Amino acid sequence: QVQLVESGGGLVQAGGSLRLSCAASGRTFLRSFMAWFRQAPGKEREFVAAFSRRDAIYYSDSVKGRFTMSRDNANNTVYLQMTSLKPEDTALYYCAADPDWRRVRIKPTYWGQGTQVTVSS
């Protein structure tokens with residue numbers, strides 16, 4: 001079991017930055033692959049970024065070059081540094097985890113409750 005708690009969301013102007021955190025607990029955290037997803041109002045949840053094997057990181061095309069995912073194993077925390085934010089980045093951001101590096105990008109087993117990011121124009 002992995003429990004996930006996101007934080008760091010808020011209201012920011014376009015062009016600004018935010019850093020989201022995801023604190024994880026549970027014995028299987030270190031064996032889990034981590035990901036970020038988001039869901040905008042009226043839209044389906046979409047993949048944002050995820051760790052893969054050998055610490056490779058995959059990003060969606062919409063955030064590549066602007067968002068950076070990182071991990072602090074000592075503190076069981078993953079981060080999503082978001083820069084050059086756009087109004088279309090407005091969404092509820094979820095942290096997710098799964099023991100399988102392929103499944104974590106499609107249908108992760110474990111989810112946090114989400115943190116709201118709102119980007120004003």
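Before you start clicking, note that the model is predicted, with local features needing pLDDT of at least 70, side-chain atom pairs counting only at pLDDT 80 or more, and totals for chains, interfaces and linings using all residues. Numbering runs from 1 along each chain as its sequence is written, and side-chain values use heavy atoms, leaving out hydrogens and water.

Side chains of opposite charge can pair when their charged atoms come close. Here, a salt bridge is a side-chain nitrogen of Lys or Arg within 4 Å of a carboxyl oxygen of Asp or Glu. Searching the whole structure turns up six of them.

**Stop one.** Select Lys64 and Asp61, whose side chains form a salt bridge at 3.3 Å, N to O. Both residues are exposed (over 50% relative accessible area with a 1.4 Å probe, protein chains only; buried is under 20%, and partly exposed is in between).

**Stop two.** Now pick Asp89 and Arg66, a salt bridge at 2.8 Å, N to O. Asp89 sits in the loop between β8 (77-82) and β9 (91-98) and Arg66 in the loop between β6 (57-59) and β7 (67-72), so the pair ties together parts 23 residues apart in sequence. Strands are DSSP runs of E, at least two residues, numbered from the N terminus. Both Asp89 and Arg66 are buried.

**Stop four.** Finish on Arg102 and Asp100, paired at 3.5 Å, N to O. Arg102 counts as partly exposed because its relative accessibility is 49%, and Asp100, at 21%, is also partly exposed.

Key: Helices (H or I, at least four residues) and strands (E, at least two) are DSSP runs, numbered from the N terminus.
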